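Look at the sequence and the 3D structure together.

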Amino acid sequence: MENKLKIKISETAYNKITELLDTHKEYDCVKFSYSPGCCKSPKVSILLDNMNESNIIDKIDDLNIIYDENLLNNISEIQLIYKNNGFAAKALPRDGSFPCNNTHRDNSSCGSGCSKCNNNCK
């Protein structure tokens, strides 16, 4: 696969995810999902899920990770850390930028620059 997703997980995040999967036996993997939105919103969601052949399957040590083509088309790298009792993911866009392609609550355009969004996107 030429556009393979690069995934970096800190040791602490890896340990916390494996603890969660050990506790929640109804799940067998972690799913990364692309979340389009305003330029200031997170781009990747992290979920516990079950292996599914319709997803792309990756593995880091004993941790199964799944994601779909939508994430792969938009994200080139995910860096996952565990800090302050929560997970934080940094997503690097495939094309080098995240466009602000949503509209404001008043239906005006965000324009060409993300600075105009100011957390007022739908």
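Predicted model: local features only at pLDDT ≥ 70, side-chain atom pairs only at ≥ 80, totals over all residues.

N3 sits in the segment that comes before strand 1, which spans 6-9. What does N3 touch, apart from its neighbours within four places in sequence? The residues in contact with N3 are then L72 and R94.

Read from the N terminus, the elements follow the order β-α-β-β-β-β-α-β-β. The chain has 122 residues, and 33% of them count as buried. Taking contacts between residues at least 6 apart in sequence, 47% join residues at least 24 apart.

Next comes the sheet that contains strand 1. It is an open sheet of 3 strands in the order 1-6-7, and its pairing is mixed. Which strands stand at the edges of this sheet? They are strand 1 and strand 7 (86-93); each has a single partner strand, so one side of each has no neighbour in the sheet. From one strand to the next, the twist averages 15°.

Strand 1 and strand 6, which covers residues 75-83, pair in the parallel sense, over 4 bridges. I9 has L80 as its bridge partner in strand 6, and K8 stands opposite Q79 in strand 6. The two faces of strand 1 can also be told apart. I7 and I9 make up the covered face, while K6 and K8 make up the uncovered one.

Helix 1 lies across strand 1, strand 6 and strand 7. The helix runs at about 80° to strand 6. Helix 1 consists of 13 residues, 11-23, and reaches 18 Å from its first C-alpha to its last, close to the 18 Å expected at 1.5 Å a residue.

Which residues of helix 1 are buried? They are A13, Y14, I17 and L21. These residues lie on the same side of helix 1, because they cover an arc of only 100° around the axis. The face turned away from this buried side carries the exposed residues E11, D22 and T23. Helix 1 therefore has a buried side and, turned away from it, a face with exposed residues, where exposed means over 50% relative accessible area.

One further detail concerns aromatic rings. The count comes to 1 aromatic pair. The pair is formed by Y82 and F87, whose ring centres are 5.0 Å apart; their planes stand at 70°, so the pair is edge-to-face. Are these two residues buried, exposed or partly exposed? Y82 is partly exposed, because its relative accessible area is 22%. F87 also counts as partly exposed, because its relative accessibility is 31%.

Technical notes:
Residues numbered from 1 in each chain as written. Heavy atoms only, no water. Expected span 1.5 Å × (residues − 1). Buried < 20%, exposed > 50% of the residue type's maximum accessible area, 1.4 Å probe, protein only. Arc of directions from axis to C-beta. Contact = heavy atoms within 4.5 Å. Phe/Tyr/Trp six-rings, centres within 6.5 Å; stacked < 30°, edge-to-face > 60°. Pairing = 2+ DSSP bridges. Axes fitted to C-alpha atoms, helices over the stretch in contact; angles between N-to-C directions.
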